[in-house]
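This report goes from single residues to the whole chain. Please keep the sequence and the 3D view at hand while reading.

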Amino acid sequence: MTALPVYRWRLAPDGLATRRQLRAMGLRPGGQEVAAQLERPRRRRGPLVAYLYRIDRARPVRPMTPAREAALAKAMRARRVCPVCRQDRGYCIPRSLGMCPSCHDQPVAA
């Protein structure tokens with residue numbers, strides 16, 4: 001196994017991109033191996049690491065099928081419905097509360 005080339009933050013050569021950068025270009029890694037590593041130094045902890053992929057080997061993002069779109073809509077709808085009052089709140093219910101803020105703020109009847 002060969003060691004990956006490591007580049008400092010903002011000093012990676014042209015032709016390499018992170019997953020997020022590939023996605024912004026409408027691409028995906030497409031099964032290719034990581035080409036290099038990008039490190040951003042931090043003061044008190046180890047560096048932040050991002051993996052870089054070759055842009056010339058990237059493939060286009062797969063198109064959204066109707067079935068995938070329906071499944072995604074169903075999952076997002078489930079995240080908006082409060083499990084206590086069963087109402088669609090129009091926003092994602094906070095996982096930290098486990099219910100909508102209205103239900104969380106109501107006093108518990110003993």
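A residue is called exposed when its relative accessible area is over 50%, buried when that area is under 20%, and partly exposed in between. The model described here is predicted.

R10 has a relative accessible area of 74%, so R10 counts as exposed. R10 is found in the loop between strand 1 and strand 2. P13 belongs to the loop between strand 1 (6-8) and strand 2 (16-17). With a relative accessible area of 34%, P13 is partly exposed. From P13 to G31 there are 18 residues along the sequence and 21 Å in space, C-alpha to C-alpha. R86 sits in the loop between helix 2 (66-80) and helix 3 (101-105). R86 is exposed because its relative accessible area of 64% is over 50%.

Backbone angles come next. Most residues other than glycine have a negative phi. R10 has a positive phi, near 70°, and R86 has a positive phi as well, near 60°.

The table gives the accessible areas of these residues.

| Residue | Relative accessible area | Class |
|---|---|---|
| R10 | 74% | exposed |
| P13 | 34% | partly exposed |
| R86 | 64% | exposed |

**The core**

Which residues make up the largest nonpolar core? The core has 5 residues in all: A17, L22, L27, Y53 and A58. In soluble globular proteins, nonpolar side chains tend to be buried together. Beyond its neighbours within four places in sequence, Y53 is in contact with a list of residues that includes A17 and L22, along with G15, L16, R19 and P29. Q32, E33, V34 and A35 are also in contact with Y53.

**The whole chain**

The chain contains 3 helices and 6 strands. Their order along the sequence is β-β-α-β-β-β-β-α-α. The C-alpha trace spans about 65 × 45 × 25 Å along its principal axes. The radius of gyration of the chain is 22 Å, whereas a compact globule of 110 residues would have one near 13 Å. Of the 110 residues, 16% are buried. Of the contacts between residues at least 6 apart in sequence, 47% join residues at least 24 apart.

Technical notes:
Residues are numbered from 1 along each chain as its sequence is written. This is a predicted model: local features need pLDDT of at least 70, side-chain atom pairs count only at pLDDT 80 or more; totals for chains, interfaces and linings use all residues. Side-chain values use heavy atoms; hydrogens and water are left out. Helices (H or I, at least four residues) and strands (E, at least two) are DSSP runs, numbered from the N terminus. Buried means under 20% relative accessible area, exposed over 50%, partly exposed in between (1.4 Å probe, protein chains only). The radius of gyration is taken over C-alpha atoms; the globule rule is 2.2 Å times the number of residues to the power 0.38. Contact means heavy atoms within 4.5 Å. A nonpolar core is a set of buried Ala, Val, Leu, Ile, Met, Phe, Trp, Tyr and Cys residues joined through side-chain atoms within 4.5 Å.
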